[in-house]
Structures are given as structure tokens and as C-alpha cells.
Amino acid sequence: MSEPLFNKVALIGIGLIGSSIALNIRERGLARETAIATRRPETLKRAEELKLGTSYHLDPAEAVADADLVILCLPVGSCGAAAATIGPHLKPGAIVSDVGSVKAAVVTAMQPHLPGNVHFVPGHPIAGTEQSGPDAGFAELFENRWTILTPIEGTDPEATDRLVRFWKATGAMVETMTAEHHDLVLAIVSHVPHLIAYNIVGTAADLETVTQSEVIKFSASGFRDFTRIAASDPTMWRDIFLNNREAVLEMLARFSEDLASLQRAIRWADGDSLFDLFTRTRAIRRSIVEAGQDTQEANFGRLKPRKDAWNEPGNEAGTPATTPAGEGVPGE
């Protein structure tokens, strides 16, 4: 870009999402300065070795000083405490955002700690992999993927517009909606699928008549996909389910009803019902591909620049697939 969108951006947390944002800022000239804060000295050292920022801090209050944009790249359960720490040190007029997969709970946790002279625009880039840490990031992560912004009531539209331009500059498409609607949508397209993956992998591990070696040896592609999803960061997903309880439980109730119908169709050999369901779901898959939200290529067709960070079994090309909803690991 000819002119940076921001003079200084502060990233609190430098895991997959944070490091990918940092690489975008560096490679596309989105800011003059990038301050990185993380609580682990070894993580901060690695971020500096990778040259992800222009300054590095163990104290997030130092990182946000004079920052025009502050993005919390942390598990949703940590956002409230982080907001309390940085709140008194925020520059008047600064834009504060996050990358969490739950929005209503994040708003409730963060808003009381933010001064009235800053602009709070929560966000969620729906992009990621099951990998974590600063080595996992890559600048192409957000290309042609959606970022959802949920500006709180009364937010200055100009602040929201600046953040929209920032995310579009990373290659993302941007949508705005209320925090509550976001949480309901993500419950069905991301949170419940992850919960099912965790559960089915756990069920396979607990089967007394099937050994774990057999599960590993004979896994078909469907189960391999489940294990990849279930390898996602435990802390992040624990926080997601605890902070989006109502929407997840609502979607689980609907899923349970549909599953009961499917059980009946199998029990009574109702082939027509099964065929109709599989036809409808196949059409949805095709629609997702046609909309550009997936391809047949590994990792959404994007190459990973540091292949040593990817170690999936059988992944000789070094390009692992993303999780179905693109949920990454935002924390440290």
C-alpha cells in the first residue's frame, strides 16, 4: 500500500491468528509499527526471531501505548482480563478489536474495562488451521475468507469503516452483524461440528472392542477429518463452549432431533429418506465450493511458507487442510 492504514498496531497474543495478522501488516505495509505482546518469554523471543513486529513486550500495557489499533488475539476467556490490563493505557480514539469465535460474551467481558474515548469493534476472522504458535502463521490465511465485525451500539461508523478496510487489505471479505446473531450462526457452522468431532474421536478411543492402533491404521478420510478437527487447541475450544452455551445448546437440540429422525430411517430401512437427505447435503457442499469458500486443494489452495511448522502424517506436501469453519488458534 502507498500509505499505511494505521501508524501503530498492537497485537496482544501471537498465535496462529496474531502471527498471520503480523505477517500481513509487514508484507502489505498496513502499519508503520507493530507492537507484539505475549505472556511467555519464549513465545516473544520466537516472534522476534521471525521478525513479526517492530517492538516486543511482555507487558501488554506497554504494547498498546500510542497504538491506533489494538487487536486481542487471545482465547475468548482471556479477553476480559486483558481489557482490564490495557484499558487505562489506551490512546484516545484508538480502535479496539479481537478475533474470538464468540462475540456476545466478549463484549460483556471487555466493554466495562474500555474507556469511553476509544472505539470498540469486536471481530472474528473465520480462518485458521489446527496449528498454533507464532510459527503457524502465514499471510495468505485470510485470502477469500470471511471476517465478521460486530460493532457495539453507538460505535463511530468511521472507526468500523477503518477496520473493514484493514481486514479487506489482508485479503478477507467482511460482513457486519450483531454479536448475538454471530454467535447463533457460528454455533451451527463451527462450534457444534467441533463438538461432534471431539465426541466421535473420544467415542472411538473408548471402544473396548476396537484398539487405538486399529483406529489409527484403518482410519478412512471421514474419521481423519474428525481427528484433525479434534486436534484444535483445547483451551480455546473450552472457552468457546463455555461462553456460547445458549446458542450451542439450541443448535445441539435441533441436531439431536434430526439425528433421531436419521436413526429411525436407518432402523426402518427407509432408503428414500436417506437418499433425500444425502442429496440435499451434497448440494450444500457444492454450493460452498461454488461460493469460493472451499476447494478440492489442501489448505484451501494456499501454500504454507514454513513447511517445518506442519507435521500432519501423510502430508508430504506440507499443506494441511483447514478446519471446516476455519477455526484457528488465536492465543499464544
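A nonpolar core is a set of buried Ala, Val, Leu, Ile, Met, Phe, Trp, Tyr and Cys residues joined through side-chain atoms within 4.5 Å, where buried means under 20% relative accessible area, exposed over 50%, and partly exposed in between (1.4 Å probe, protein chains only). The model above is predicted, so local features need pLDDT of at least 70 and side-chain atom pairs count only at pLDDT 80 or more, while totals for chains, interfaces and linings use all residues. Residues are numbered from 1 along each chain as its sequence is written, and side-chain values use heavy atoms, leaving out hydrogens and water.

Let's begin inside. The largest nonpolar core has 39 residues, and Ile21, Phe166 and Trp167 have the most contacts inside it. Two or more residues each come from β1 (6–12), α1 (16–28), β2 (31–37), α2 (41–49), β4 and α6 (157–169); here helices (H or I, at least four residues) and strands (E, at least two) are DSSP runs, numbered from the N terminus. Helix α1 gives the most, with 6 residues. Leaving aside residues up to four places away in sequence, Ile21 touches Leu11, Ile71, Cys73, Val99, Phe142, Phe166 and Trp167, a contact being heavy atoms within 4.5 Å. Apart from this core lies another, of 35 residues, including Ala82 and Phe120.

Next comes helix α4 (residues 79–86), whose buried residues are Cys79, Gly80, Ala82, Ala83 and Ile86. These residues lie on the same side of α4, because they cover an arc of only 165° around the axis, taken from the directions from the helix axis to the C-beta atoms. They pack against α3, β4 and α5 (104–110).

Now for the rings. Rings of Phe, Tyr and Trp (its six-membered ring) pair if their centres lie within 6.5 Å; planes under 30 degrees apart count as stacked, over 60 as edge-to-face and the rest as tilted.

| Pair | Centre to centre | Angle between planes | Kind |
|---|---|---|---|
| Phe6 and Phe166 | 6.0 Å | 70° | edge-to-face |
| Trp237 and Phe241 | 5.7 Å | 40° | tilted |

Phe6 in strand β1 and Phe166 in helix α6 are 160 residues apart, so this pair links distant parts of the chain. Trp237 and Phe241 both lie in helix α10 (residues 234–243), 4 residues apart, and both are buried. Phe6, Phe142, Phe166 and Trp167 form one aromatic cluster.

Asp66 has a positive phi, near 65°, and Ala269 has one near 55°. Asp66 is exposed, with a relative accessible area of 56%.
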